[in-house]
Amino acid sequence: MSNTEYIREHRPFIRNRGMLVVISGFSGAGKGTLMKRLMEDYDYYSLSVSATTRKPRPGEVDGRDYFFVTKEQFFEMLKNDELLEYANYVDNFYGTPRSYVEQEMAKGKDVILEIEMQGALKIKAKFPESVLVFITPPSVEELSDRLRKRGTETEETILKRMAKAAQEAEGIEAYDYILINDNLDKTAKHLNYLIQDQHMRVRSQIAFVEKMRNDLRAYYTNLNSI
Ligand code: 5GP
């Protein structure tokens, strides 16, 4: 059975609204590739595109990877309450545009925010039902190797990002799940199961539970009236 078939068969009964899923992890944990795989393999996810004041890396496309904006534009969005959350990360601002997230969740899509820890905590505070997943490579050696192999960062930035990782490691307990990304296929499957299982939590199925209750009440009332 393919992944999608498995999940369809195990799909919950009522899906009114999608879920908010926050993915964080050390810079270099392989989140970008993982997200790409998730989007390719399953059609019920939407990936939020953030606004950032960081300059594009070679190959990055405006509107696809990020909305690349100036500081002035970023603060204008903030002032107009267009961002669901935002953070300052290694000298740049990053924020999640609100309208896309709300629109996709209303369609029933599970919306993925690939954001750092300060933003993740803000999302959990605002949306307690959201699921927070932390992605990490198997070791520190692997982490620094991956950052260097990416070849897009200066040595100074790599060191700053490693320092940031040390700081972020202190906050991992705030997350609901941790996934060790040692194999792309396996991690993508785990991530998908983990997210879809959330729909089967009783709190996500309140509409279904209410319907069962009402139907049972009606059944009982009908019996009594015979
Ligand atoms: P990068 O510069 O490597 O693309 O991203 C740096 C960090 O910013 C990553 O940890 C990434 O997850 C995070 N990030 C990207 N977009 C957002 C956002 O909209 N909000 C927050 N809080 N963090 C973000």
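A residue counts as buried under 20% relative accessible area, as exposed over 50%, and as partly exposed in between. Arginine 217 has a relative accessible area of 49%, so this residue is partly exposed. The model described here is predicted.

The protein has 226 residues, and buried residues make up 43% of them. Its secondary structure comes to nine helices and nine strands. Along the principal axes, the C-alpha atoms fill a box of roughly 80 × 40 × 30 Å.

Arginine 217 belongs to helix 9, which covers residues 206-225. Its side chain meets that of asparagine 214 in a polar contact of 2.8 Å. The C-alpha atoms of arginine 217 and proline 97 are separated by 44 Å. Along the chain, these two residues are 120 residues apart.

Alanine 51 is 23 residues away from phenylalanine 74 along the chain. The C-alpha atoms of phenylalanine 74 and alanine 51 are separated by 7.4 Å.

Rolling a probe the size of a water molecule over the atoms shows where empty space is left. The largest pocket has a volume of about 1100 Å³. Its lining is made of 37 residues. Closest to the pocket centre are Gly32, Arg57, Glu60, Tyr66 and Glu114. Helix 2 gives the most, with five residues. By residue class, the lining divides into 12 nonpolar, 11 polar and 14 charged residues.

Strand 7 also holds aspartate 110. With 0% relative accessibility, aspartate 110 counts as buried. A polar contact of 3.0 Å joins its side chain to that of histidine 199.

Aromatic rings were examined next. A pair of aromatic rings is described by the distance of the centres and the angle of the planes. The structure holds 12 aromatic pairs. One of them joins phenylalanine 75 and phenylalanine 93. The two ring centres are 5.1 Å apart. Planes over 60 degrees apart count as edge-to-face. The planes of phenylalanine 75 and phenylalanine 93 stand at 70°, so the pair is edge-to-face. This pair links distant parts of the chain. Phenylalanine 75 is in helix 3 (residues 71-79), while phenylalanine 93 is in strand 6. They are 18 residues apart. Phenylalanine 75 has a relative accessible area of 37%, so this residue is partly exposed.

Tyrosine 89 is buried, with a relative accessible area of 7%. Tyrosine 94 counts as buried too, at 13% relative accessibility. Both tyrosines belong to one aromatic cluster, formed by Tyr66, Phe68, Tyr89 and Tyr94. Tyr66 is also among the residues closest to the centre of the largest pocket.

A further ring has a charged neighbour. Lysine 122 lies over the face of tyrosine 86. The distance from the ring centre is 4.4 Å.

Aspartate 81 lies in the loop between helix 3 and strand 5. Its phi is near 60°, a positive value in a residue other than glycine. Aspartate 91 lies in the loop between strand 5 and strand 6. Phi of aspartate 91 is near 75°, again a positive value in a residue other than glycine. Aspartate 91 has a relative accessibility of 51%, so this residue counts as exposed.

Technical notes:
Residues numbered from 1 in each chain as written. Heavy atoms only, no water. 1 Å grid on protein atoms, 1.4 Å probe; cavity = no way out; pocket = protein on both sides within 12 Å on 5 of 7 lines; lining within 4 Å. Points joined across faces, edges and corners; volume = space filled by probe spheres on them. Helix = DSSP H or I, 4+ residues; strand = E, 2+ residues; numbered from the N terminus. Nonpolar A, V, L, I, M, F, W, Y, C, P; charged D, E, K, R; others polar. Phe/Tyr/Trp six-rings, centres within 6.5 Å; stacked < 30°, edge-to-face > 60°. Buried < 20%, exposed > 50% of the residue type's maximum accessible area, 1.4 Å probe, protein only. Lys NZ or Arg CZ within 6 Å of the ring centre and 35° of its normal. Polar contact = N/O pair within 3.5 Å; in protein donor to acceptor, adjacent residues only side chain to side chain.
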